[in-house]
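Please read the following report with the sequence and the model side by side. It takes up an annotated region, then a strand pairing, and then a helix packing.

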Amino acid sequence: MKTNLELIADTDKFPYDDDETGEAKSLRSRLFKLLWEDGEGQYAIGFVPDWVIDELSQTPEDIRGDMRLNASDRTVMLFGTLQTEEERTRAAATLTGYWRAKGTFKTLKGWRDELWPVYDRKGGLLFSVERAAMGLFGTARYGVHMIAYVECPTAPHGIKIWVPKRASDKSTFPGMLDNTVAGGLMTGEDPFECIIREADEEASLPDPLVRSTAEWVGNVTYIYITEAKHVGEDGYIYPECQWVYNLKLPADVIPLPKDGEVEEFRLCDVDEINKDLRDGKFKPNCALVMIDFFIRRGILTEANEPDLATIKAKMHRSLPFPGPHQYDWPGQVNRQSVKAT
């Protein structure tokens, strides 16, 4: 039976700067920082595992492009000699497509033909990468999660929540429990438009209902480390920011599977969900978002959760790379679309 803090730690797995345990030191020793350079100097945009560095070193230069590798500092630079975002995106596609064709990395078997963004520190788009290849570069990832609930005065805490079970043939986290709607942000996609799209695709929820009712309630941030049992390979670093939404549904609106990613939806009370959380049935970052929901609803409080302060801190950790998760992200106007809480 997992505690709430253990559930959060299952998602926020990357060691903090003050962690000097042997395990943390070993992990850091296996990573290279992916650097970018502008007129103000160099800065990190990703964590590249050493086995990816080994493959980069063996990849022909006409495929890989210019690579500046500093083994002593454990840093690497890629695509830096290319002048435009379009050129860099094509270069990333050439490299990852080469590896996919060769079967170099298991993670590329989940190729989705979805481009995800990588940002510079001034608010610009550096390049886009195939979703399945993001872990090879360890850059920040962005997505949306929404919890749909129904008021039910006779249920514990007065609500029930629509909980989907992921399809058993999904390439990641098959058969686990999820939040009502969730998905990744493609390059150029607004978070609110993404949640509307995903609500239709995953749960058959109509655009007008979601657009008029969904409420943005903040963001969560964490750094996940992949596990082979869930995604096929161990050790990729996923710094992630999720835009989180609530959706209060009428009792007669029932989410239905549509695109094959969800096996079924169940309407569950808080006690049922707590048991499934404790039993480890939820996809890790969905457990984190559900705990965040319980905190915001006053279901989890300092009175019944002694680790509440630590839990809050770990689900809103600072990410080490630039992107729209930052408060001071340049050029942004719509807080709902681009800011973290």
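In this predicted model, the UniProt record, an unreviewed entry, places the feature "domain: Nudix hydrolase" at residues 139-290.

E5 is joined by five bridges to strand E6 (residues 125-130), and the two strands run antiparallel. Across this pairing, Pro117 stands opposite Ser128 in E6. The two strands form a hairpin with five residues between them, and in the turn Gly123 has a positive phi of about 95°.

Two packed helices are described by the angle between their axes and the distance between the axes. For helix H10 (residues 270-278) and helix H11 (residues 284-296), the angle is about 140° and the axes are 11 Å apart. H10 passes H11 in a left-handed crossing, and the residues through which the two helices meet are set out below.

| Helix | Residues in the contact |
|---|---|
| H10 | Val270, Ile273, Asn274 and Leu277 |
| H11 | Ala287, Met290 and Phe294 |

How do the residues of the contact of H10 with H11 divide into nonpolar, polar and charged? Six are nonpolar and one is polar, while no charged residue takes part in the contact of H10 with H11.

Key. Residues are numbered from 1 along each chain as its sequence is written. This is a predicted model: local features need pLDDT of at least 70, side-chain atom pairs count only at pLDDT 80 or more; totals for chains, interfaces and linings use all residues. Side-chain values use heavy atoms; hydrogens and water are left out. Axes are lines fitted to C-alpha atoms, for helices over the stretch in contact, and angles run from 0 to 180 degrees between N-to-C directions. Helices (H or I, at least four residues) and strands (E, at least two) are DSSP runs, numbered from the N terminus. A crossing is left-handed if the near helix is turned anticlockwise from the far one by less than a right angle, and right-handed if clockwise. Contact means heavy atoms within 4.5 Å. Ala, Val, Leu, Ile, Met, Phe, Trp, Tyr, Cys and Pro count as nonpolar, Asp, Glu, Lys and Arg as charged, and the others, Gly among them, as polar. UniProt positions are given in the numbering used here, feature names are shortened, and annotations may be inferred rather than shown by experiment. Two strands pair if DSSP finds at least two bridges between them.
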